Amino acid sequence: MLDKNDRKRTIWVYAVVLFISAFIVLLITMYSQIKFSDSYETLKDQNSQNEEEVGKYKLNLSSAIKENEVLSEELKLAKEKLEEANRQIQTITKDDSKEGSGASIENYEILINAKDNFDRNEIVNTAIILKDVEYEILGENGQKLYNQLIEKTEKKALVLLYDDGIRNMEIGEYKVAIDKYSTCYNLSDSSQYADDCLYYLGYCEYKLDKNEDALMYLNELKNKFSKSSFLEDCNILIEKIKKEQDA
């Protein structure tokens, strides 16, 4: 049997072993918790990054879907527009072909182009395009559409061009003003703005030191509009140019 001292040593050894074991278990537990904490944070970061990437993907996907919807709608409208243009051509030319008017498809395409510009409220362009239409070879339907477009655009286009020319001339943009007045005059050389355009064309050319061109417009004004309110100013400017040429 163990004596009293041996029992004490044994108990002390057990106590030390138990303490060491408990300490080791504690260390293992702490290490496991640390590893778990690190793993949790890593997983959390990964999830956060994944969520961010998923968010970006969803945003890009949403933008792509919206852009695709817009493009699809534009394609649909373009297709409808083309179909409508074809229907208009067929409608206009249907009766004309029966009448044997001999109107070319190109002539009707110009007319439809003018109608398309009118639908987009491009008044000046519509009036300009209509100048290229050969009215005489249009059939009944074509002439009807032509007359409707002319009635709705020509006067407005003349006003827009004339007013733009005035504004450009007042700020010294004579080349731009010449373009506006020339277009206005070519649209209708017998409108209420025709003599005005000729005078201002002569004046702008004079300001650009193009005296020969200026005299051409001013003389046309004198010959064509003998009762124009610009006639006096026209004669004064002609005399001024001639004096400068003789100097």
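Predicted model: local features only at pLDDT ≥ 70, side-chain atom pairs only at ≥ 80, totals over all residues.
Colleague: What pattern does the protein follow, read along the sequence?
Modeller: The pattern is α-α-α-α-α-α-α-α. That comes to eight helices and zero strands. Helices (H or I, at least four residues) and strands (E, at least two) are DSSP runs, numbered from the N terminus.

Colleague: What is the mean pLDDT of the protein?
Modeller: The mean is 79, and 62% of the residues reach 70 or more. pLDDT is the predictor's confidence in each residue, from 0 to 100.

Colleague: Where does pLDDT stay under 50?
Modeller: Residues 1-8 are one such stretch. The model gives them two contacts (heavy atoms within 4.5 Å) beyond four places in sequence. Residues 97-101 are also below 50, with four contacts beyond near neighbours in sequence.

Colleague: On to packing. How many residues are in the largest nonpolar core?
Modeller: It has 36 residues. A nonpolar core is a set of buried Ala, Val, Leu, Ile, Met, Phe, Trp, Tyr and Cys residues joined through side-chain atoms within 4.5 Å. Buried means under 20% relative accessible area, exposed over 50%, partly exposed in between (1.4 Å probe, protein chains only). Tyr162, Met169, Tyr181, Tyr199 and Tyr200 have the most contacts inside this core.

Colleague: Which helices supply at least two residues of this core?
Modeller: α3 (123-130), α4 (140-170), α5 (174-187), α6 (194-207), α7 (211-224) and α8 (231-246). α6 gives the most, with eight residues.

Colleague: What is Tyr199 in contact with?
Modeller: Leaving aside neighbours within four places in sequence, Tyr199 contacts Leu218, Leu221, Phe230, Asp233, Cys234 and Leu237.

Colleague: And what does the second, separate core include?
Modeller: That core has eleven residues, among them Ile129, Leu130, Val133 and Tyr146.

Colleague: Let's look at α7. Which residues in α7 are buried?
Modeller: Asn211, Ala214, Leu215, Tyr217, Leu218 and Leu221.

Colleague: What covers the buried residues of α7?
Modeller: The cover includes α5, α6 and α8.

Colleague: How far does α7 reach from its first C-alpha to its last?
Modeller: Its 14 residues reach 20 Å, close to the 20 Å expected at 1.5 Å a residue. The expected span is 1.5 Å times one less than the number of residues.

Colleague: Changing topic: backbone. What is the phi of Asn121?
Modeller: Positive, about 65°, although Asn121 is not a glycine. Asn121 is found in the loop between α2 (105-119) and α3. At 60% relative accessibility, Asn121 counts as exposed.

Colleague: And where is Asp209?
Modeller: Asp209 is in the loop between α6 and α7. Its phi is near 65°, again a positive value in a residue other than glycine. Asp209 counts as exposed, at 67% relative accessibility.

Key: Residues numbered from 1 in each chain as written. Heavy atoms only, no water.
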